[in-house]
Amino acid sequence: VAIKRAYISLAGLTMQSIKSKVVREFDCYTKITQDIINGMVEENDNSFNTPQGYRRVEAISQEYKLDGKPDKNPVGAPTRHIEGNYLNIIVKEQFLDQLNDCFRQAEIDIEDSFCAARMDADIILPADARRNGCALVNIGADTTTIVIYKNDMMRKLAVVPLGSNNITMDLCSLQISKDEAEEIKITHGYKPANGDICSVDSDTVNNVIGARMNEILQNVKYQIEESNENVVHIIFTGGGSKLKNFELLL
């Protein structure tokens with residue numbers, strides 16, 4: 001099959017989210033129109049101060065506030081003060097330039113690109129979790145991605161530079177090969193059942209895995225608390241969450 005065009009899933013350590021807001025004041029009560037909303041979105045696009053070395057790939061509208069009161073659908077409502085809040089997803093320019101260069105060399109056109117974490121959340125998270133407050137935590141090989149939802153809207157995206165490969169490298173410090181360390185991580189896990197055979201002392205393995213997973217989970221905890229959102233549910237995905245007895249670590 002000849003591939004000529006591709007849809008790109010953007011993920012990894014180079015992604016993060018930054019909040020911004022746009023405010024409009026009126027001399028008298030004014031009915032909000034779609035043109036006003038579109039103008040505020042455009043103003044955010046033009047005025048957002050993207051950090052040096054980054055490029056914005058998406059701006060997600062949050063709630064609007066009319067005279068200080070939240071309103072998800074402000075069109076048609078009268079107000080003298082409207083505040084629009086936005087979540088801006090940014091990616092390092094170097095990463096995007098290298099990605100585009102790879103596809104140019106392969107002679108494949110990029111049709112469109114998407115935030116992988118947002119797509120994962122749309123597929124995985126139940127409707128009530130997105131509404132009530134939820135964190136989707138993807139523990140991958142090299143990174144852990146945290147996406148927070150509240151009132152059906154994405155509130156935060158953060159990527160921590162730690163993943164399940166760190167456990168493998170920690171186990172390698174016990175003077176075993178990488179292949180053996182990976183096998184111990186997958187088959188042995190944390191606090192194995194009695195009778196499991198392992199080439200390394202079980203207590204030592206537990207200490208290594210427990211220490212690294214504790215570091216990852218403490219980072220997850222910090223990102224959730226720093227969001228100031230009332231997170232009711234936490235859903236884990238990714239290979240790192242399949243670690244044996246993961247719930248004991250939690």
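Select Tyr7, Phe114 and Met119 to display a nonpolar surface patch of about 310 Å². Such a patch consists of residues with over 30% relative accessible area and no salt bridge, where nonpolar side chains (Val, Leu, Ile, Met, Phe, Trp, Tyr) are joined within 5 Å and like charges within 9 Å. A salt bridge, in turn, is a side-chain nitrogen of Lys or Arg within 4 Å of a carboxyl oxygen of Asp or Glu. Accessible areas come from the Shrake-Rupley method with a 1.4 Å probe, and for residues only the protein chains shown count as cover.

The model is predicted: local features need pLDDT of at least 70, side-chain atom pairs count only at pLDDT 80 or more, and totals for chains, interfaces and linings use all residues. Residues are numbered from 1 along each chain as its sequence is written, and side-chain values use heavy atoms, with hydrogens and water left out.

Keep Tyr7 and Phe114 selected, and turn to their rings. A search of the whole structure finds three aromatic pairs; rings of Phe, Tyr and Trp (its six-membered ring) pair if their centres lie within 6.5 Å, and planes under 30 degrees apart count as stacked, over 60 as edge-to-face and the rest as tilted. The ring centres of Tyr7 and Phe114 are 6.2 Å apart and the planes meet at 25°, so this pair is stacked. Because Tyr7 belongs to strand 1 (residues 5–10) and Phe114 to strand 6, the pair ties together parts that are 107 residues apart in sequence. Strand 6 covers residues 109–115; strands (E, at least two residues) are DSSP runs, numbered from the N terminus.

Are these residues buried or exposed? Buried means under 20% relative accessible area, exposed over 50%, and partly exposed in between. Tyr7, at 58%, counts as exposed, while Phe114, at 34%, counts as partly exposed.

Next, select Tyr64 and Tyr86. Their rings form an edge-to-face pair, 6.2 Å centre to centre with 90° between the planes. Tyr64 is in strand 3 (residues 54–66) and Tyr86 in strand 5 (residues 78–92), so that the pair links distant parts of the chain, 22 residues apart. Tyr64 is buried at 5% relative accessibility, and Tyr86 is buried at 2%.

Finally, select the cysteines. A disulfide is a covalent bond between the sulfur atoms of two cysteines. With the criterion of two cysteine sulfur atoms within 2.5 Å, the count comes to zero disulfides. Cys102 is in no disulfide, and the nearest cysteine sulfur, that of Cys115, is 20 Å away. Cys102 has a relative accessible area of 49% and is partly exposed.

Terms used
Helix = DSSP H or I, 4+ residues; strand = E, 2+ residues; numbered from the N terminus. Buried < 20%, exposed > 50% of the residue type's maximum accessible area, 1.4 Å probe, protein only.
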